[in-house]
Amino acid sequence: MNGKREGMFAFLFLLPFFVAYVLFTLLPMLKGLQMSLYKWTLIAKLHFVGLDQYVQIMRDPEFWNALWNTTYFVILSTPTMIVLALGLALVANRNSRLKTFYRSVFFLPSVLSVTVISYVGLFMFRPYTGLVNNVLKWLHVLPENKEIFWLTDETNAWLVLVAVTLWWTVGINMILYLSALQDIPDSMYEAARLDGATDRQLFWYITLPSLRPITSTILLLQLIASYKVFAQIWLITKGGPLNQTRPIIQYIYEEGFKNNNLGYAAAMSYVLFLILLILSLIHMKWNQRAEGGTPA
Amino acid sequence: MKRIGMLVLSFMVLAMVGLAGCSQADPANNGKVELTYWTLFDGGDGDYMNQLIQQFNKTHPHIQVKNVKISWDDYYTKLMTAVSAGKGPDVAVSHTSKLPELVNQGLAVPLDELAGKANVNWASFNQNILKSIVYDGRHYAVPIDTHPLILYYNKKYLKEAGLLDGQGKPILEPTPEGFVKFFATLKEKLPSDVAPLAQPTGGQDIYRLWWALYSQLGGNDVVADDLKTASVDKEKALKALSFIKDLFTNKFVKLNDPDFYKTFQNQKAAVMITGVWATGMWEKTKGLDFGAAPLPAIFGKEATWGDSHTLILPVSQNADEEKQVAALTFANWVADNGHIWAQAGHIPSKPAILEKPEFKKLPYRSDYVSVASHVVFSKHSDNNWSIRDQAMIKNFDACLQNKLTPEQAIENMEKTVNDLLQK
Amino acid sequence: MKWIYRFLSICLALIFLVPVIWMLAVSVKVEGFKLDSVFDWFLPPYSLDSYKKVLAQTPLLTWTGNSFIVATATTALVVLLSSMAAFALSVLRFRFKRLVYMIVLAGLMVPGEATIIPLYQVVKDLHLLDSYSGLILPAIASPFAVVVLKSFYDALPGELLESAELDGAGLWTIYSRIVLPLTKPAMSSIAILTFIGSWNSFLWPYLCVSSSELFTLPIGVPTLMSGYTRDYVIPMTVNSLSSIPIILLFLIFEKQIVKGVSLTGLKG
């Protein structure tokens with residue numbers, strides 16, 4: 001086989017992927033840059049405005065508010081996600097007859113669509129008739145004539161959004177922990193046990209340290225995924241009350257498609273892109289240092 | 001493995017077929033004009049609109065109208081994106097309040113030249129409504145109704161509280177004090193699980209009520225006539241908002257009601273203020289003995305919030321005059337058959353319909369048709385909806401949730417209106 | 001100690017299950033049912049009327065079909081395109097290979113959500129809005145899948161490929177008869193993740209499609225939830241109906257799905 005033919009073959013094999021990749025990933029990157037420099041509506045490209053829209057973003061309190069909301073969601077959901085995922089993995093990893101049952105139950109919500117989980121959440125947390133308030137009244141946690149307004153109070157709304165998100169997506173992270181747990185060789189535990197270690201010591205000195213690499217992976221994936229949060233918030237609170245839960249993607253969407261201002265939306269997307277890029281780079285550096293090698 | 005390869009290939013083919021499928025032209029239509037018609041009507045509105053379409057298709061064999069229902073929330077976004085992508089409908093619903101944006105974006109076709117061919121007589125419309133669709137002397141839409149904010153009441157409860165007169169009308173002195181007293185009496189006399197007033201804690205309906213009261217006080221929109229700056233009559237704006245807020249602080253309303261329509265429908269509220277479109281729904285509710293009345297002129301002037309459904313012809317690159325005339329014929333026909341549409345609750349846009357026996361035999365409507373001439377439409381600003389959502393609703397909501405005082409809410413509102421107009 | 005632990009585990013599992021059970025239970029209640037105690041949510045009388053109503057009056061089945069078409073086509077194309085690209089990048093020798101791979105790697109850093117606005121414009125310019133192609137094509141180039149598959153192909157023993165080459169097997173044969181069969185698990189992992197991702201995709205279909213005949217489930221369902229005076233029964237029936245296919249698939253393929261997730265990690 002000669003090199004020329006192999007080169008030709010490689011070209012043909014790469015071509016379909018690259019056509020789609022260029023059209024739908026690389027081209028939008030450039031297009032976004034162009035759009036962010038123009039006044040651009042759903043109907044047409046209007047006039048060139050240079051960096052004006054970026055300047056406007058820096059002064060736009062709604063942008064900072066939305067960015068903070070997203071960051072707040074990240075802060076609330078990431079640590080709870082990791083702890084819960086690990087907890088569930090430990091439950092599902094116990095040698096019991098219910099092992100597969102637990103795994104299935106914890107993972108099941110992950111396959112449901114965001115619309116379904118959002119509406120189930122929305123209806124469960126309704127005041128007056130919703131399940132959650134009903135159950136609280138039944139348990140006498142909540143007096144009969146009182147209501148908790150889950151979605152019209154900022155703190156409660158965040159609670160609902162984080163709870164629903166955890167319930168929906170923790171399964172995937174649990175599986176990742178589960179496979180990491182199963183990768184820890186039994187011999188390590190046996191050796192430690194022979195040395196007289198207690199269960200608690202086994203957990204702190206063997207299990208947890210072995211899970212460090214996977215935790216770091218989950219952390220990054222979770223950070224990036226949470227920064228992109230949109231659909232469940234859009235469907236449950238629409239960003240309310242008073243835009244206090246409106247994430248950055250929703251603001252981008254509303255500015256572009258509701259207020260007919262694609263140029264500004266594109267500029268905001270670029271700022272978001274930059275933030276996510278920095279997060280990925282930090283993680284890469286961190287991984288390199290931790291493993292002392294090249295990134296995976 | 002080969003089989004999987006084949007499978008994959010066949011999917012690729014499938015995807016390509018899909019690609020071809022969507023660019024295909026309209027099929028041969030043997031002389032029939034087929035019209036795509038976009039609507040945003042739900043529930044009762046949707047049923048009566050379908051009835052109209054069916055009758056039209058039956059009586060106009062050469063025109064076939066196909067209804068495409070888009071959800072309320074996304075309607076205008078989808079309309080704009082579809083029209084600009086060349087996939088817009090032939091005829092579409094628009095609210096008059098949204099029309100300025102569509103006209104200024106160049107999305108709506110001016111109808112004056114086509115009107116003659118489709119036998120549209122502009123003089124036959126209610127002139128208060130018609131004014132709202134004229135831009136620079138040109139007509140851009142066919143109004144089919146107006147749907148003002150009115151007051152519904154549960155006769156059983158009003159009677160129980162001694163607030164119903166011999167004709168089944170509410171006994172309510174049209175002053176601010178009289179209005180409050182009315183609800184205070186209801187609160188006192190009715191069981192504790194019945195709210196005097198069903199209203200959401202914020203959102204569109206509160207904005208509508210505010211607009212009505214502000215107009216009654218003599219306020220005239222929140223943008224200046226040149227549409228470039230805010231012109232908020234702050235004293236009146238504040239008075240209207242404080243009045244609404246007091247309805248909540250007096251506990252006349254079930255707080256944060258997730259579904260205030262249901263509350264009224266299930267007879268858990270005595271009164272509810274909303275648009276006339278609810279009439280059709282209440283009529284069909286078994287055991288609900290209700291009445292409808294204009295919003296009392298508690299601040300002196302007869303005025304209320306209202307909007308109007310109109311039909312527009314969205315622009316398209318390959319505009320076909322035959323289609324456009326057919327579309328306009330349809331639009332005019334819908335307006336001419338306002339008595340069918342009125343079954344949903346709306347007030348027809350042509351005064352002649354109010355005299356038709358079919359309309360006269362509908363109950364309730366006659367109790368509020370007079371309101372059509374008292375509707376205060378918003379000015380022709382592009383920013384009507386963003387002002388409504390971002391300047392008014394947002395700040396009013398904050399006020400009702402006790403995050404802002406009414407004074408702060410009105411201040412913020414004026415500032416936001418200015419910001420939006422200068423954007 | 002042990003039974004406290006067991007009790008807590010069961011409670012946790014219940015918390016995870018209750019929303020799903022509640023959804024299913026409410027969906028078979030009679031519209032307008034009276035709620036006197038918490039148990040009324042779950043106890044009979046049951047009725048399938050709301051199912052009949054939803055199936056007869058809404059395009060839910062069409063949307064389910066669309067979701068399947070879009071998810072299947074996306075999955076098939078992702079697997080095909082990325083395995084071909086990964087094969088070239090792993091096995092073949094050609095100029096600028098490193099550069100090409102770097103370009104693919106860079107794609108990992110581009111979150112789809114951050115380019116959604118320009119993507120909309122690009123797809124609009126290509127006249128693909130509101131079509132199956134518009135739904136499917138933007139998702140078919142997955143750098144993530146290429147990188148994962150390449151790492152699996154890299155791990156194949158080199159002698160195997162060399163001996164095949166010596167036996168006179170063509171590159172296509174090596175690809176389709178040796179590499180693909182040997183990396184089946186990796187590809188099914190990619191396929192499963194892509195399928196779930198596409199099935200649940202919300203923002204892009206939401207922007208791309210305006211005709212209800214082309215809606216996928218996630219964007220169709222909300223259009224049935226808006227409007228005033230909705231009971232709990234119809235919305236939960238809609239939710240249940242749109243979840244039942246995927247729940248069934250999950251129960252059937254649970255092992256493979258779990259394996260798939262743990263093999264490749266989740267996709268952002």
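Me: What is the mean pLDDT of chain A, and what share of its residues reach 70 or more?

Reply: pLDDT is the predictor's confidence in each residue, from 0 to 100. For chain A the mean is 89, with 96% of residues at 70 or more. This is a predicted model, where local features need pLDDT of at least 70 and side-chain atom pairs count only at pLDDT 80 or more, while totals for chains, interfaces and linings use all residues. Residues are numbered from 1 along each chain as its sequence is written, chains are lettered from A, and side-chain values use heavy atoms, leaving out hydrogens and water.

Me: Where in chain A does pLDDT stay under 50?

Reply: Over residues 292-296, for which the model has 5 contacts (heavy atoms within 4.5 Å) beyond four places in sequence.

Me: How much area do chain A and chain C bury between them?

Reply: Buried area is the accessible area (1.4 Å probe) that two parts lose on being put together, summed over both. Here that's about 8000 Å², 79% of it on carbon and sulfur atoms. In chain A, the residues losing the most to chain C are A:Phe13, A:Phe17 and A:Phe24, together 10% of what that side buries. As for contacts, 85 residues of chain A touch 94 of chain C.

Me: How many salt bridges are there between chain A and chain C?

Reply: Look for a side-chain nitrogen of Lys or Arg within 4 Å of a carboxyl oxygen of Asp or Glu. The count between these two chains is 4. A salt bridge joins the side chains of A:Lys228 and C:Glu113, at 3.7 Å from N to O.
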